[in-house]
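Hi,

Here is the structure I promised to pass on. Have a look at it first, and then read my notes below.

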Amino acid sequence: MMETELFNRQYIISEKELALDGWKQFLFDNYHVYVHPNLDYVHQDGKHLSVAVLGYLFDYRNTEYTNEDIVKGLSESVDVEDLMRQLDQYCGHFIVLCKDAAGVKIIPDACAQRILYYKDSFDVFASQVKLIEHFFPLEDVVDPEARAFFNSSVYKYRLYTISNKTWKQGIFRLMANSYLDVTARKVVRFFPVRPIQRQALQDVVEQVIPMFKGYIEAIAKRYKKVAIPVTAGFDSRMVFAASLGLKECTYFIYKHPSFKENHPDLVIPKKLTELVGKSFQVFRYSTEIDPVLKEVYKNSVDYARDRTAAMILSGNGTYFKDAIMLNGNLGEIARSYYNYTENVSGRELAALMECRNYPYAVRELQAWYDTNRPLFKANHLNALDMLFWELDWGPSTAQSKQECWIASEVCSPFNSRIILTTLLSADAKYRVKESCRVFREVINHFAGKTIDLPVNPTGKHKIIAMMKWLGIYLPYRKFRMNVR
């Protein structure tokens with residue numbers, strides 16, 4: 001097995017030199033940076049900062065800009081704070097290494113999709129724990145309650161986080177909205193720093209439209225083949241609608257083995273694409289996986305899930321090996337997903353995340369809430385929206401991308417701080433998960449007509465929507481979180 005077949009699109013940064021034949025490498029301060037051949041990087045020195053970006057960025061204002069163009073602009077920042085303000089304007093999946101007079105820092109993308117794990121000794125950093133363990137011996141976490149949680153079926157299924165701690169002793173994960181001050185050996189939260197000002201619905205819609213359209217145009221200019229999975233949900237519909245101006249794009253859905261012919265993800269996207277005159281394809285993938293590929297998949301990704309392996313290796317690896325796939329992941333952060341009262345306990349948070357029976361999870365979630373709630377409140381952010389961003393859907397989708405990157409390139413246009421904060425500035429009543437008027441307005445603008453097709457039409461969603469309309473859903477959910 002060739003070394004480059006393992007850890008596709010991954011990276012490792014170490015004080016020690018490592019044996020990684022065929023990988024790109026460069027020196028950043030005193031650290032050796034190793035980058036898989038399929039992962040882009042740009043290293044640029046400026047007057048005040050040295051900057052290296054692993055991954056890719058897209059600029060909605062300058063859609064023709066390359067990674068090199070963007071990183072050159074970043075390297076001209078006057079300080080780290082200026083650099084981070086600039087990063088807010090981009091979407092993409094990346095980590096940024098920067099060096100100023102005070103030393104080295106590592107900054108993640110908006111939702112930490114380009115995952116970074118690090119040792120508490122701050123001498124090695126990598127995209128997966130398995131990659132660190134490939135070179136350095138690690139021990140399982142000592143705390144028996146932590147072991148029980150990380151070995152649980154719920155964790156292995158959802159793969160969210162409940163803190164920056166991991167299943168290995170002394171190994172931590174860099175969370176969204178924080179950066180690593182490597183030289184000072186500490187984690188620094190950098191968002192939020194100023195209050196999110198509430199805006200009228202139409203103002204939010206008018207701001208989001210050019211951003212979202214610009215990101216997708218920038219991606220399409222850099223990647224010649226673009227594919228978009230279209231489902232019955234809101235988030236993929238937003239990506240689809242914003243892409244309608246592209247000359248070429250493949251719109252599709254996988255017919256999973258469990259899907260019946262009347263499944264909403266098969267029926268509604270077909271109607272949606274017909275409404276705007278676009279072709280739509282239904283792809284099937286083999287459930288028989290090349291054992292060599294599956295072995296690479298398992299050895300390259302922490303907690304690699306069997307339930308996604310066939311779709312990724314047989315599906316993405318067959319249809320989209322040379323394309324970039326744009327999905328709607330992370331749009332859920334702006335859709336008031338939990339729609340839940342602010343005053344919650346760690347036990348209730350754990351119930352929302354389906355891990356209430358694990359004392360470790362309850363304890364860690366309570367600590368996160370107690371530490372961050374005052375900051376969120378002072379900056380006009382809902383703690384439950386931030387929970388979904390930092391601990392739940394953000395980390396979970398990052399795991400999905402790491403799995404997908406083994407076979408093909410996948411990108412989420414929603415992974416932009418300016419997009420998410422602009423959407424979150426709309427009143428929560430316009431961001432209700434099941435109806436989300438702000439998304440509807442943006443979609444209708446791009447489509448040039450009103451789209452009345454249902455969104456994820458299930459009996460459960462209809463009941464929840466009715467309960468919310470009657471004003472009884474929150475009390476009901478509060479009760480359920482404490483009795484089941």
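In which loop is Asp-29 found? Asp-29 sits in the loop between strand S2 (24-28) and strand S3 (31-35). Helices here (H or I, at least four residues) and strands (E, at least two) are DSSP runs, numbered from the N terminus.

Before going on, some housekeeping. This is a predicted model, in which local features need pLDDT of at least 70 and side-chain atom pairs count only at pLDDT 80 or more, while totals for chains, interfaces and linings use all residues. Residues are numbered from 1 along each chain as its sequence is written, and side-chain values use heavy atoms, with hydrogens and water left out.

Now the overall picture. The protein has 17 helices and 17 strands. Its radius of gyration is 22 Å, close to the 23 Å that the globule rule gives for 484 residues, so the protein is as compact as a globular protein of that length. (That radius is taken over C-alpha atoms, and the rule is 2.2 Å times the number of residues to the power 0.38.) Along the principal axes, the C-alpha atoms fill a box of roughly 60 × 50 × 50 Å. Of the 484 residues, 58% count as buried; buried means under 20% relative accessible area, exposed over 50%, and partly exposed in between (1.4 Å probe, protein chains only).

Back to the backbone. Most residues other than glycine have a negative phi, and most peptide bonds are trans. Asp-29 has a positive phi, near 55°, and is partly exposed at 31% relative accessible area. Asn-456 is not a glycine either, yet has a positive phi of about 40°. You'll find Asn-456 in the loop between helix H15 (437-447) and helix H16 (459-470), and at 29% relative accessibility Asn-456 counts as partly exposed. There is also a cis peptide bond, with omega about 0°, joining Phe-191 and Pro-192. Pro-192 is in the loop between strand S12 (186-189) and H6.

Next, take a look at helix H14 (residues 417-424). Why is H14 largely enclosed by the rest of the structure? Because 8 of its 8 residues are buried. Those residues, Arg-417 and Leu-424 among them, pack against strand S6 (90-100), helix H6 (201-222), helix H13 (383-404) and H15. Packing here goes by contacts, meaning heavy atoms within 4.5 Å.

The lining has 19 residues, and Asp-88, Phe-191, Val-193, Arg-194 and Arg-417 lie nearest the centre of the pocket. By type, the lining divides into 8 nonpolar, 6 polar and 5 charged residues. Ala, Val, Leu, Ile, Met, Phe, Trp, Tyr, Cys and Pro count as nonpolar, Asp, Glu, Lys and Arg as charged, and the others, Gly among them, as polar. (On a 1 Å grid over the protein atoms alone, a pocket is an open set of points where a 1.4 Å probe fits, with protein on both sides within 12 Å along at least five of seven lines; lining residues have an atom within 4 Å of a point.

Last, the cysteines. How many disulfides does a search of the whole structure find? It finds 0, a disulfide being a pair of cysteine sulfur atoms within 2.5 Å. The sulfur of Cys-436 is 16 Å from the closest cysteine sulfur, in Cys-111, which is too far for a bond. Cys-436 is buried, at 0% relative accessible area.

Cheers
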